[in-house]
Amino acid sequence: MARVVVDVMPKPEILDPQGKAVTGALARLGFAGISVRQGKRFELEVEGELTEDRLAEVRRAAETLLANTVIETFNVRVEELPEASEEEEDEGEPAEQGEPAEQGASDDQGESAQRGESDDQGESDDQGESANQGKSDEQAQLATQAG
Amino acid sequence: MAPRIGVVTFPGSLDDQDALRAIRLCEGEPVPLWHGNDSLDDVEAVILPGGFSYGDYLRCGAISRFAPVMTEVIKAADSGMPVLGICNGFQILCEAHLLPGALIRNDVRVFVCKDQDLRVESVDTTWTSEFSRGQEITLVLKSGEGGYVADEETLRRLEGEGQVIFRYLNSNPNGSYNDIAGICNERGNVVGLMPHPEHNVDALTGPTRDGRAIFSSVLNFLAAKV
């Protein structure tokens with residue numbers, strides 16, 4: 001079993017109203033100077049060995065359905081899975097915090113939203129502009145440790 | 001015998017019944033078609049109605065475009081059968097590459113629902129022959145992802161070849177390039193538009209009866225063919 005990640009982004013010349021809305025919301029929250037374009041991430045669990053042919057097939061799938069190449073670009077990459085049992089593999093995303101095993105689907109979403117936030121703040125440390133700096137540092141550290 | 005016009009119902013279609021009704025009011029024979037069938041039931045024209053087929057998952061029209069009935073619709077369109085996509089149907093036609101370009105979220109970032117003024121830019125299609133060129137009409141527009149986009153070369157071609165059929169008038173409600181509200185393919189048998197002609201066929205339920213000309217155009221075309 002291999003995991004292939006397909007990232008889909010709106011082409012640069014195409015207006016991205018969702019990204020604009022997020023950009024505006026960030027600015028209102030005090031995260032200045034951050035411009036967002038919003039895309040999609042697909043995680044594909046591919047059965048069997050990931051040969052070149054199989055990867056080419058995944059690319060065809062991405063081009064056929066996952067992305068509309070009239071307005072979007074896509075990128076296909078193979079994600080290394082950590083050596084672990086199946087269950088852990090399922091949660092083996094890079095930013096996973098290794099919380100207790102009570103993660104329902106909705107928990108997952110909540111956490112990944114948080115994590116996304118903390119990651120962003122972690123990266124924007126240099127700018128030192130966040131009022132929640134202390135907290136976000138902690139979160140970023142947590143994420144780093146877990147990742 | 002009145003020409004048979006099919007209306008495809010996808011899971012999540014909303015305006016299929018209104019489209020069937022519009023056909024009946026304009027004296028065609030409405031034929032309900034099911035997305036999961038691979039037969040067009042001997043219809044002479046097909047309408048893909050408005051709504052949120054397959055929940056608009058992935059992208060509007062992206063999954064419906066691969067519904068079994070679409071294989072037949074694409075085949076029929078390629079052989080010249082009149083095909084009309086209204087709103088979600090327009091999105092499906094773009095996803096199916098029967099029409100160029102794509103529809104993205106409104107630049108105003110809200111769902112727009114209004115009586116929209118339009119100008120008819122071309123009457124050289126099977127769906128618009130009963131209009132007059134430059135005619136100004138009003139149709140209901142109700143969509144969240146009605147922004148028409150295409151690359152510059154496609155836009156130039158559409159404008160140059162008279163494939164822009166309807167243009168938003170007075171104000172652009174959704175950020176569509178060149179104020180484009182509806183287009184057709186090179187042959188003129190496939191037309192897609194965001195506003196809803198099927199909601200504008202009688203005085204009781206619509207702001208105008210301007211939508212009737214769409215249905216009478218294709219009915220006259222089909223009657224003349226026989």
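Student: What should I know about the model and its numbering?

Tutor: The model is predicted: local features need pLDDT of at least 70, side-chain atom pairs count only at pLDDT 80 or more, and totals for chains, interfaces and linings use all residues. Residues are numbered from 1 along each chain as its sequence is written, while chains are lettered from A and ligands numbered from 1 in the order in which they are written.

Student: How many helices and strands does chain A have?

Tutor: Helices (H or I, at least four residues) and strands (E, at least two) are DSSP runs, numbered from the N terminus. Chain A has five helices and three strands. From the N terminus, the order is β-α-β-α-β-α-α-α.

Student: In what order do the strands form the sheet?

Tutor: Two strands pair if DSSP finds at least two bridges between them. In chain A the order is β2-β1-β3, in an open sheet with antiparallel pairing. β2 (40-46) and β3 (72-79) of chain A stand at the edges with a single partner strand each, so one side of each has no neighbour in the sheet.

Student: Where does Ala2(A) stand?

Tutor: Ala2(A) lies opposite Val46(A) in β2(A). Strand β1 (residues 2-10) of chain A pairs with β2(A) over seven bridges, in the antiparallel sense.

Student: What share of chain A is buried?

Tutor: A residue is buried if 20 or more other C-beta atoms lie within 10 Å of its own, exposed if 12 or fewer, and partly exposed in between; C-beta atoms are placed from the backbone. Buried residues are 11% of the 147 residues in chain A.
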